[in-house]
Amino acid sequence: MNLLNISGSPHVHSDESTKKIMWRVNLAMIPMLLCGIAYFGLNALLISLVSVACCCLFQWLIEKYLLKVPTTVCDGSAVVTGLLLAFNVPATADMIWLVAIGALVAIGVGKMTFGGLGKNPFNPALVGRVFLLISFPVQMTTWPTVGKWFPMTLDTTTGATPLGIFKESGLSDMPGLMDAFLGHIGGSFGEVSAIAILIGAIYLLWRKIISWHIPVAFIGTAFIFSGILWLINPEQFLDPVMTIFTGGIMLGACFMATDMVTSPMSKTAQLIFGFGCGLLTIIIRNWGAYPEGVSFAILLMNAITPLLNRWCKPARFAC
Amino acid sequence: MTNMILTAVLTLGIIGAIFAILLYFVAQKFKVVEDPLIDEVAEVLPGANCGGCGKSGCRAMAEAFVKQGNMDGLYCPVGGEDVAKKVAALLGVAAEASEPKVAVVRCNGTCANATAKNNYDGLKDCAFANTVYAGESGCMFGCLGFGNCASACQFGALSIDPETGLPVVDQDKCTACGACVKACPRHIIELRKKGLKDRRVYVACRNQEKGGTARKACSAACIGCGKCAKTCPFGAITVENNLAYIDFNLCKSCRKCVAECPTGAIHAVNFPPLPPKPAAPKADATNTAAPQNNEKVEHTVAPAAEPQKAPANNQ
Amino acid sequence: MKTFKMGGVHPEENKISTQAAIEVMPLPKQVVVLMNQHLGAPATPIVAKGDKVKVGQMIAEAQAFMCANIHSPVSGTVAKIEPCKDFVGLPKNAIYIDVEGDEWMETIDRTPDIKRECTLEPKEIVAKLKEMGIVGLGGATFPAHIKYSIPEGKKAEYLIINAAECEPYLTSDYRVMLEHPEEVCIGASILRKALGVPNAYIGIETNKPDAIKLMTETAKKYQGIVIEPLKVKYPQGAEKQLINAITGRKVPSGKLPIDVGCVVSNLGTSFAVYEAIQKNKPLIENILTVTGKKLPSQHNYQCRIGISYNDIIKHALGCLPETTGKVISGGTMMGKAISNLDAPTTKGASSVLVMDEAEARRNPETNCIRCGKCMHACPMGLEPYLFSALVKNKRAEEAKQHNILDCIECGCCYFSCPANKPLTDEIRLGKNMVRAWMAEQKK
């Protein structure tokens, strides 16, 4: 007979695990990946593969040779980072190798320097993305046009994102709302299709991996704030519906702002976090140099997450 | 252009001046008058902030020294005699002599001696495991082996031997600060006199249960038979609650008790090997071959033979 | 349907022994009666080696304030009085009794008749509870006579009987409700009378519909017994949560239920109270569930106190299955792992739960991913992840400021943690650390 195990109570555990959570997030991102491949073809697939492979490889190398700890590649968090990073870059041939540098920064600087999963203050995929955006501004803002379905070629013609169009030439050339919803617009390949993102988000909500607070606060704030601006001057500002369906708001609100590690825990703090993300995004979009501000908004809010955790305590049962 | 530079220089200069004045007044207002002697004493102390003296840190210790004005009851175990002399000189009092000590692990419950009767699966922390159950071997006095002592040690002098599951003290690194003594929930570690030529004899057991029960949990437990106490020519050994204890102030390190102990619970460290006797066949050269091996020490009737030159050893 | 407002989890219920009727456990050759089977100071033996004792005879007396009398569960001869190791392996003073026959004290009414009338005054009831050695059977084994002596200046308004049985696996309270509904209601009425409150509320989780139905019907015959169906959610049966669910009141930090006018007793206690007051039978038996997913049979036993866990296992199962990984006394969420199966059972024992090796092993701990699940699961609104860090860094003062002492150790945090961090263990350690720190501050 075995020796009896001894431990303090409780003696049972829910079947939750970090691994399960991470792989479920990966599952939730499959629709976006498929959409990206559908719109941008082989490039999108190659970028995703390179990004995921590099993220896993760098994590394994750092854990094995620098930190000398057992590897945690299997927990799927590197895959999440890899996919999110890939979703945040334009699907051009240039990015296939650039994304590897992004992966190194995301994993090496964004995550492992702080001690690995759970200890990073900033969303690693966004750290990688912003690094690429600042270091390679030309490549990172060269967007492929979306023409036909399943373009099976590596050569792409370049176009612009709706937000870029709006910033440059105003309302005249904007794509229609339906195109924006389905994703038939220019942009990073993971962010274009709102419907794919929503499918993933609903799955995450059902699995209780994310709660509604951050996405709703984020998108709601962006909607209301841009709506106010639009009512003041419809010529200068984009209408609120287009605002939330273009650019990275949907992807950011559902997949990146909700990252467990870098978002606050209590419901109130999550609402504040979402509100801050929405507000900063619209401010950067309308008054900043970049046409898009989701990444910066989320990273800035990541920075105050520890403070939010401190301020917004859960309600105590017994006072 | 000149205008701009001028503006910048002026603005910054004025801001700087304002802050300088502000800081000056704040510093004046909140100035704390402190005995400069505290700084001097703190300077002499080791600065490890280990808390071995019982104060929260070296600074607090320095304050205590100055406030009291003498050395009574205050001793920095880390700095030892040197520091005590220096502090005494600063305070203008005579230093007392005190012998150097070292941490000693009083448990013999190696994986082999105290076989596991169950398997602990909870938080790896001695203080917590101590509240959950008696221990893997069933000995409620024995080492739990999760290394609270090792993590409490500021000097890297303690480590858990993975083979025996017991902590090992590196006597050269040990400063006898007593942090491990406080960290151990079972009070297994004791500060004992380092002894002449680092030789010391001690009972490596804390089990106060009756002999039979104690032996059930651990084959090398002290069973309180009292043979050692009868043998000791100096009256250094007392048996209380089925447990022998050697008073290190009386012990003359004759090692008579070591050979007498039926379970091998009495350890003698850093001694040269005893001359081989027919009665003690196990005390032979095998031990000299493995001077670092803790387990050998415990199983022999005679003490482990350890060349004195060997700098690091188990106790 | 009532419930507490904050946190909570849903562990797998695993109530697999619900169909097993209560059997009587045969007497062993020897029983060992521990002297501290209750919260507080150990009782003092009043018999000596060689004395003949009868079933129900007092063998140890409560001499301290927080203490309870202990009666012999068997008839026979006192073999010895010396320490015996309890189920976690720590020695406790004990009386060993060699069993000879089964001769009961004449005062005890052993007929199955139900005695409904209770003519005793509240003070007499409390005195009799003390005499009969009744303690709370919900796990804390708090001496009943202390609980029912309401201190000066405080007033009880609610009596709550906890029949939630929110712990997975346990079915002893459920079986008692099904087999002894009248007795339970009479016991509750007696306690109600002792406190002088208008109503006794019996809270039952809705996963026991037949018990709710039967109890509701039975309760109609008695004045002031109210059955409250409760939502199935752990820890519904925790004292503070139960009070919150039934009365909406919240016990403030560091206060007792009586401070908000509530007294909570376990269902098993009210059954024991009936037997003690109406039948003169001291607390010498308890109802034990013997259960486990991989066991060939499931049982509920009426079992004399002092029978060893090994004897129970031997009678119920023959021997433990080869793959046994853990044996627990109590439920899976708050029960204690048994390391010494030779130990005797005590008044508070409610189950012998046999877990499989695969089920029992904890998964390795990984990094905290700050998901906040522990915080949302905590029924006290605390932040377990924060305590984990504070305890690791030995920051007692901060842990106190974040109200670590409010923790009821229900285990919801560890249960819900995806990183498998032993949060409940760490918090227990932290509570000890904080108490030590506070004691030092007082000095």
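Start in chain B, where 6 residues of domain 1 meet 6 residues of domain 2. Contact here means that two C-beta atoms, placed from the backbone, lie within 7 Å. Select 36-91 for domain 1 and 101-299 for domain 2; such bounds come from an automatic or database domain assignment. On the domain 1 side of this contact, 4 residues are nonpolar, 2 are polar and none is charged.

A word on the model before moving on. It is predicted: local features need pLDDT of at least 70, side-chain atom pairs count only at pLDDT 80 or more, and totals for chains, interfaces and linings use all residues. Residues are numbered from 1 along each chain as its sequence is written, while chains are lettered from A and ligands numbered from 1 in the order in which they are written.

**Chain A against chain B**

The contact uses 6 residues of chain A and 10 of chain B. The chain A side holds 3 nonpolar and 3 polar residues, with no charged ones. Pairing requires at least two DSSP bridges between the strands. Elements are DSSP runs, numbered from the N terminus: helices are H or I with at least four residues, strands E with at least two. Centre on Asn5(A); opposite stands Asn119(B).

Follow chain A onward to the loop between E1 and helix H1 (18-28), where Pro10(A) is found. The peptide bond from Ser9(A) to Pro10(A) is cis, with omega near -5°. Most peptide bonds are trans, and most residues other than glycine have a negative phi.

**Helix H11 of chain A**

Select 213-232 of chain A. Buried residues in H11(A) include Phe218(A), Ile219(A) and Phe225(A). A residue is buried with 20 or more other C-beta atoms within 10 Å of its own, exposed with 12 or fewer, and partly exposed in between; C-beta atoms are placed from the backbone. Show H10 (194-206), H12 (240-245), H13 (249-256) and H14 (267-287) of chain A: these are among what covers the buried residues.

Next, Lys68(A), in the loop between H3 (42-67) and H4 (77-87) of chain A. Its phi is near 55°, positive in a residue other than glycine. Is Lys68(A) buried or exposed? It is exposed, with 8 other C-beta atoms within 10 Å.

**Chain C**

Bring in chain C. Its contact with chain A takes 53 residues from chain C and 31 from chain A. E15(C) gives the largest share of the chain C side, 5 residues. That side divides into 24 nonpolar, 16 polar and 13 charged residues.

Colour domain 1 (122-279) and domain 2 (373-442) of chain C. Their centres, over C-alpha atoms, are 29 Å apart. Each gives 6 residues to their contact.

Finish at two local features. Tyr234(C) and Pro235(C) are joined by a cis peptide bond, omega about -5°. Asn14(C) precedes strand E1 (22-24) of chain C and has a positive phi of about 50°. Asn14(C) is partly exposed, with 18 other C-beta atoms within 10 Å.

Conventions: Nonpolar A, V, L, I, M, F, W, Y, C, P; charged D, E, K, R; others polar.
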